[in-house]
Amino acid sequence: MDLYYEIDSPSCLSVIVTAAALNINLNLKKMSLMVEKNHLTPEYTKLNPQQTIPTLVDNGFALAESRAINIYLAEKYGKDDSLYPKDHKIRSVINQRLFFDMGSLETHLLNYFLHWFYGKPQDSQDLKKFEKALVALNTFLEENNYVLLELKLLPLLTFQCTQHFWHFLT
Ligand SMILES: N[C@@H](CCC(=O)N[C@@H](CS)C(=O)NCC(=O)O)C(=O)O
């Protein structure tokens, strides 16, 4: 199973850790977004029209979006449903956290920090939105006693990797 990745990408790390939790051996294909820009080649664009990493290729089946990849791996290769429980309520809360992570937490984190990379002027609303997302995250963590214990591994991985990104930037 191939994974196109870069090690500093929290999205890629979440897939790598999920695969490790499932005892899956990944054939890691290192990408170079900044220098070689091989995510923009026609070959890669065929696999992933979004031109992003990670991309998983499992027996000819190509899939992008780290959360979708993590769910795919857990559903297809999990020996049981402990990573992504079938119980409707638990699963819907896991989905809520994953969508929150993608639509709010990660988005606002990136909007707040990426102006450094791209030299864009900082929008004063970016910090406020990021702080608001952190307050919500804090509430979720309080509700679950310890980092999303109730919700098992997938959202935890995503959040941990977001934290990794934070350390990388600061
Ligand atoms: N929502 C996507 C985000 C993927 C993403 O944006 N990855 C970055 C690297 S961390 C990327 O590929 N950037 C290249 C680009 O946007 O051109 C996921 O979770 O897989």
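**Entry: ground rules.** I read a predicted model, in which local features need pLDDT of at least 70, side-chain atom pairs count only at pLDDT 80 or more, and totals for chains, interfaces and linings use all residues. Residues are numbered from 1 along each chain as its sequence is written.

**Entry: overall layout.** I looked up the secondary structure and found six helices and four strands in the protein chain. Here helices (H or I, at least four residues) and strands (E, at least two) are DSSP runs, numbered from the N terminus. Along the sequence I read the pattern β-α-β-α-β-β-α-α-α-α. I then checked burial: 28% of the 170 residues of the protein chain count as buried. A residue is buried if 20 or more other C-beta atoms lie within 10 Å of its own, exposed if 12 or fewer, and partly exposed in between, with C-beta atoms placed from the backbone.

**Entry: the sheet.** I traced an open sheet of four strands with mixed pairing, in the order β2-β1-β3-β4. β2 (27-30) and β4 (61-64) are at the edges with a single partner strand each, so one side of each has no neighbour in the sheet. Two strands pair if DSSP finds at least two bridges between them. As background, I noted that strands of a sheet pair through backbone hydrogen bonds, either parallel or antiparallel.

Strand β1 (residues 2-5) runs antiparallel to β3, and three bridges join them. In this part of the sheet I found Asp2 opposite Val57 of β3. Strand β3 (residues 55-58) also pairs with β4, in the antiparallel sense and over four bridges. I noted Ala64 of β4 as the bridge partner of Thr55, and Phe61 of β4 as that of Asp58.

**Entry: the β3 and β4 hairpin.** Two residues lie between the strands of this hairpin, where Asn59 has a positive phi near 55°. Asn59 is not a glycine. I counted Asn59 as exposed because 6 other C-beta atoms lie within 10 Å.

Entry: Helix α1 (residues 10-21) has 12 residues and reaches 16 Å from first C-alpha to last, close to the 16 Å expected at 1.5 Å a residue. The expected span is 1.5 Å times one less than the number of residues. Nine of the 12 residues of α1 are buried, so this helix is largely enclosed by the rest of the structure; among them are Pro10, Cys12, Leu13 and Ile16. Just after α1, I found Asn23 with a positive phi of about 60°.

Helix α3 (residues 66-77) also has 12 residues and reaches 16 Å from its first C-alpha to its last. Its buried residues include Ser66, Arg67, Ile69 and Leu73.

**Entry: loops.** The peptide bond from Ile53 to Pro54 is cis, with omega near 0°, and Pro54 is in the loop between α2 (42-47) and β3. Lys37, in the loop between β2 and α2, has a positive phi near 55°. Lys37 counts as exposed, with 12 C-beta neighbours inside 10 Å.

**Entry: the ligand.** Which residues surround the ligand? I listed Ser9, Ser11, Leu33, His39, Gln51, Thr52, Ile53, Pro54, Glu65, Ser66, Arg67 and Met102. A residue is near a molecule if its C-beta atom, placed from the backbone, lies within 6 Å of it. This shell divides into four nonpolar, six polar and two charged residues. Ala, Val, Leu, Ile, Met, Phe, Trp, Tyr, Cys and Pro count as nonpolar, Asp, Glu, Lys and Arg as charged, and the others, Gly among them, as polar.
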